[in-house]
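Please look through the sequence and the model shown here before reading on.

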Amino acid sequence: MVKATDITLGAISRDLKKSPAGALVIGVGKGADGPVLLDNPLSAKGAESVAASLEILGVTGAPDQAHRLPGLPDTGSDILVLAGIGKVEAGEGLEPEALRRAAGSAIRQLAGIPSVTVALPTATLADVAAVAEGAVLGAYAYTEHRTNKDGLKDPVKKVTIFTPLADSKEIQPVLERALLLGRAVNTTRTLVNQPPSHLYPDSFAEAAKDLAKGLPVKVTVWDEKRLEKEGFGGILGVGKGSIRQPRLVKVEYSPAKATKKIALVGKGITFDTGGISIKPALNMGDMKSDMAGAAVVLNTVLALAGLGLPIKATAWLCIAENMPSGAAQRPADVLTVYGGKTVEVLNTDAEGRLVMADGLVAASLEHPDAIIDVATLTGAQLIALGNRTAGVMGSEHVTGALKAAADRAGELVWPMPLPEELRPSLDSQVADIANIGERHGGMMTAAVFLREFVGSDGDGRQIPWAHIDIAGPSFNNGSPYGYTPKQGTGCTVRTLVAYAEDLVSGVS
Ligand code: BES
Ligand code: MN
Ligand code: ZN
């Protein structure tokens with residue numbers, strides 16, 4: 001069972017003392033001539049003395065700083081926390097993402113303190129939303145499998161945002177959206193963090209059903225018999241080596257007022273050993289995260305349903321465990337993807353594109369306005385764009401809209417091309433296509449493979465489609481930063497929700 005984060009959000013605009021908290025967080029920016037204390041609710045005298053001591057305290061305003069001081073009288077808090085917000089220019093406002101990260105980092109580092117007031121400068125409701133989202137994302141911990149709780153600090157449980165906008169009519173919906181969105185991201189993280197002993201195809205499908213309870217969505221699960229009967233050869237081929245049978249899960253949100261319809265396809269490899277083309281032992285454990293794409297699309301559709309957004313959205317979770325065994329598929333095997341195209345499997349470690357091919361064909365048959373697929377697809381993504389930036393490829397209109405949505409949501413994605421010359425590198429001697437091709441630019445080669453399985457609309461035009469490769473950014477094997485913890489990050493849920501909101505409002 002995947003539990004949602006337990007946190008409450010509120011907002012006040014005055015009377016700090018009436019809302020006592022363990023900590024009061026205020027912001028410090030990194031100005032051209034040293035640290036700058038940002039707008040805050042301290043008394044003039046209090047603010048003056050804190051500002052005067054910043055330098056000697058070693059407070060620079062750098063991101064992720066969270067310097068603790070004794071609480072000042074009249075603030076109602078036991079301690080005062082100086083949170084770094086990064087570079088600030090005189091006369092310029094703060095980026096929402098800087099606020100999101102500063103709030104998230106402070107809340108993350110204040111674990112162990114039940115109640116925190118955050119008083120970062122918020123000029124607009126978008127700023128308040130960023131602080132609120134950051135707070136929910138920072139209040140995350142994954143401790144399900146620890147029996148020894150020594151040294152573990154509980155995440156912050158209650159966050160009060162100090163903002164002049166607290167009395168606005170719109171504050172409540174802004175906080176509710178932040179909570180819902182933050183929970184969707186945190187649930188994605190928890191699914192990714194689950195060990196493969198506990199999260200395998202059937203238990204993932206069950207978790208999807210559990211998480212959907214109480215929401216207006218329909219969940220349909222294909223077990224191995226139905227997958228066989230209907231010809232989902234990609235998912236079955238990858239799943240063959242495991243005693244845990246594969247699954248396809250369809251999660252449909254279909255509100256009456258919808259005018260647009262999107263399909264989301266996610267890679268759900270609950271563990272990727274590479275299969276017979278086995279991976280090296282070093283860091284193989286990170287491959288528990290190879291189902292991040294499926295967790296993202298699941299939680300995106302559930303979030304859209306929770307928000308009641310008037311858009312039809314269907315998630316397709318393509319779930320299998322990639323294991324080597326006497327029953328596993330071999331390099332040179334040929335399988336038949338749903339719909340009839342054949343693939344020569346030259347490398348069993350290029351398994352994501354095989355399960356995704358089935359999902360893309362199935363999604364296409366329903367003629368959505370756009371298909372977006374999300375997958376931890378290639379190591380080449382990390383070579384091209386690094387640990388934190390997702391690659392987005394496909395129809396220009398969709399990739400552009402996703403980039404704009406990501407910018408607004410505060411997530412890093414970058415568009416990459418799909419050069420035509422890569423397609424012949426996937427030619428097979430025996431089947432319609434091979435599952436590996438040109439190694440250089442391998443992220444794009446994989447996307448060119450996926451494009452072959454995107455179907456057409458009623459008029460014979462290819463359905464607008466984009467592929468997001470989250471191999472790097474979905475899993476943080478470095479130190480925590482901002483609102484991002486170690487391991488599962490939940491990346492691109494916020495981007496996809498923002499994309500759906502843009503579609504509904506006619507922006508894209
Ligand atoms: N799941 C991996 C990709 C991956 C690598 C995700 C590192 C996260 C971190 C994928 O299934 C894979 O193994 N891809 C191969 C493809 C290759 C054989 C063409 C790769 O990238 O090496
Ligand atoms: Mn693989
Ligand atoms: Zn994989």
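In this predicted model, four aromatic pairs are found. A pair of aromatic rings is described by the distance of the centres and the angle of the planes. The table sets out two of the pairs in these terms.

| Pair | Centre to centre | Angle between planes | Kind |
|---|---|---|---|
| Trp222 and Phe232 | 6.2 Å | 70° | edge-to-face |
| Phe449 and Phe453 | 5.1 Å | 40° | tilted |

Because planes over 60 degrees apart count as edge-to-face, the angle of 70° places Trp222 and Phe232 in that class. This pair links distant parts of the chain, with Trp222 in strand β8 (residues 217-222) and Phe232, ten residues apart from it, in the loop between α6 (224-230) and α7 (233-239). Both Trp222 and Phe232 are buried, and together with Trp316 and Tyr338 they form one aromatic cluster.

Turning to the metal site, which protein atoms are the donors of the manganese ion (ligand 2)? They are the OD atom of Asp272, both the O and the OD atoms of Asp349, and the OE atom of Glu351, at 2.1 to 2.2 Å from the ion. Six donor atoms in total surround the manganese ion (ligand 2), and with angles of 71 to 169° among them the site is irregular. Along the chain, the donors of this ion follow the spacing D-x76-D-x1-E. Asp272 also bridges to the zinc ion (ligand 3), which lies 3.1 Å from the manganese ion (ligand 2). Since Asp272 belongs to strand β10 (residues 261-272) and Glu351 to the loop between β13 (342-345) and α9 (352-364), the pair ties together parts that are 79 residues apart in sequence. Both of these residues, Asp272 and Glu351, are buried.

An N or O atom in the side chain of Glu351 is 2.8 Å from an oxygen atom of ligand 1, and a polar side-chain atom of Asp290 lies 2.9 Å from a nitrogen atom of the ligand. The backbone takes part as well, with a polar backbone atom of Thr376 lying 3.4 Å from a nitrogen atom of ligand 1. Taken alone, ligand 1 exposes 520 Å², and the protein buries 75% of that area.

Conventions
Residues numbered from 1 in each chain as written. Chains lettered and ligands numbered in written order. Predicted model: local features only at pLDDT ≥ 70, side-chain atom pairs only at ≥ 80, totals over all residues. Heavy atoms only, no water. Donors = N, O, S within 2.8 Å, 3.2 Å for Na, K, Ca; no water. Tetrahedral: all angles 85-135°; square planar, octahedral: opposite > 155°, others 65-115°. Helix = DSSP H or I, 4+ residues; strand = E, 2+ residues; numbered from the N terminus. Buried < 20%, exposed > 50% of the residue type's maximum accessible area, 1.4 Å probe, protein only. Polar contact = N/O pair within 3.5 Å; in protein donor to acceptor, adjacent residues only side chain to side chain. Areas by Shrake-Rupley, 256 points an atom, 1.4 Å probe, with all protein chains shown as cover. Phe/Tyr/Trp six-rings, centres within 6.5 Å; stacked < 30°, edge-to-face > 60°.
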